[in-house]
Amino acid sequence: MTGSNSSLSSPEDRYAARLQKKSSSSVLRARIVESEKKNLAETFAHLGEDDALVRAPARIVAARRRYVLGSGKSFAYATLFAWDLSAGLAQVLLIDEAAVRSIEVLSDVRPTDVLVVFSFRRYQRQSVLVAERFAAAGGTVIAVTDSPDAPVAAFATETVTVPTASASYADSPTAVAAVIHLLSTLSIASAKGARRRFAEREQLNQILNSYVE
């Protein structure tokens, strides 16, 4: 891969190093596919040995309120995780600065609360500051990020690291999506009442005629 993933900090740098030299679509496709395959293999090998992926779901399930945060591109990851997690667990609240604002969350943090923060480079300042204040107020922070040295990790009880190496101008989201799937599945699998919640939601979906059959 052209250019170190850690040294090319901006999309402009990555574009110049990886995509500015003209390549055919088939060559570029092959490079990206190979990069994503390698990234996923490294991710699953790492997660198979990382106990944080076992401890984090236990903390999520034990919490009374489960807040999820991500800024910038990471907001998409936070939204996906909150959507999947809320299918089997109650009190899952996405901090979107509209319906749920960080200032309101931080003014009422309890020791039984958990905050799951998605923070990938270039690291958004707001996520780091909210994580810092949440931890200072006595809540538990779980960080999902791309490096154990990421700024948000300093305030996390558990840090799940996800490689994002890519052959593109954008850091790869592929392994992040896989980790979101694992983290939400492991959390719901150990939650009491998850099956009842699934059944109730299915009844409501039928009543509300939510889906096209």
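**Entry 1: contacts and overall make-up**

I began with contacts in the protein. Of those with a separation of 6 or more, 71% are between residues 24 or more positions apart. I note here that the model is predicted.

I then looked up the secondary structure and found eight helices and five strands. Read from the N terminus, the order of the elements is α-α-α-β-α-β-α-β-α-β-β-α-α.

Next I looked up burial and surface. The protein has 213 residues, and 42% of them are buried. Its accessible surface is about 11,900 Å². Carbon and sulfur atoms account for 55% of that surface.

**Entry 2: a helix pair**

I turned to helix 2 (residues 25-47) and helix 7 (residues 174-189). At what angle do their axes cross? I read roughly 35 degrees, with the axes coming within 9 Å. The crossing of helix 2 and helix 7 is right-handed. On the helix 2 side, I listed Glu36, Asn39, Leu40, Thr43, Phe44 and Leu47 as making the contact. On the helix 7 side, the contact comes from Thr174, Ala175, Ala178, Val179 and Leu182.

**Entry 3: salt bridges**

How many salt bridges does the structure hold? I noted seven.

Is Glu158 buried or exposed? I found a relative accessibility of 4% for Glu158. The cut-off for buried is under 20%, so Glu158 counts as buried. Arg59 has 36% relative accessibility and counts as partly exposed.

The second pair is Arg65 with Asp108. Here the closest N and O atoms are 3.2 Å apart. Arg65 sits in strand 1 (residues 65-70). Asp108 sits in the loop between helix 5 (102-106) and strand 3 (113-119). Arg65 has a relative accessible area of 13%, so I put it down as buried. Asp108, at 32%, is partly exposed.

I checked which residues are joined to this pair. Arg65 and Asp108 belong to a network of salt bridges with Arg110 and Asp113.

Arg196 has 52% relative accessibility. Exposed means over 50%, so Arg196 counts as exposed. Glu200 is partly exposed, at 37%.

**Entry 4: a nonpolar patch**

I stayed with helix 8 and looked up Leu204, which is found there. Leu204 is partly exposed, with 47% relative accessibility. Which residues make the nonpolar surface patch? I listed Leu204, Ile207 and Leu208. The patch covers about 350 Å².

**Entry 5: two single residues**

I looked up Ser71 first. Ser71 is in the loop between strand 1 and helix 4 (74-86). Its relative accessibility is 8%, so Ser71 counts as buried. What does Ser71 touch, not counting residues up to four places away in sequence? I found Phe118, Gln124, Gln126 and Ser127.

Then I looked up Leu93, in strand 2 (residues 92-94). Leu93 has a relative accessible area of 25%. Buried would need under 20% and exposed over 50%, so Leu93 is partly exposed. Leaving aside neighbours within four places in sequence, I found Leu93 in contact with Arg66, Tyr67 and Val68. I also checked the spacing between Leu93 and Arg66. They are 27 residues apart in sequence, and their C-alpha atoms are 6.1 Å apart in space.

Definitions and conventions: Residues are numbered from 1 along each chain as its sequence is written. This is a predicted model: local features need pLDDT of at least 70, side-chain atom pairs count only at pLDDT 80 or more; totals for chains, interfaces and linings use all residues. Side-chain values use heavy atoms; hydrogens and water are left out. A salt bridge is a side-chain nitrogen of Lys or Arg within 4 Å of a carboxyl oxygen of Asp or Glu. Buried means under 20% relative accessible area, exposed over 50%, partly exposed in between (1.4 Å probe, protein chains only). Helices (H or I, at least four residues) and strands (E, at least two) are DSSP runs, numbered from the N terminus. Patches are made of residues with over 30% relative accessible area and no salt bridge: like charges are joined within 9 Å, nonpolar side chains (Val, Leu, Ile, Met, Phe, Trp, Tyr) within 5 Å. Accessible areas come from the Shrake-Rupley method with a 1.4 Å probe; for residues, only the protein chains shown count as cover. Contact means heavy atoms within 4.5 Å. Axes are lines fitted to C-alpha atoms, for helices over the stretch in contact, and angles run from 0 to 180 degrees between N-to-C directions. A crossing is left-handed if the near helix is turned anticlockwise from the far one by less than a right angle, and right-handed if clockwise.
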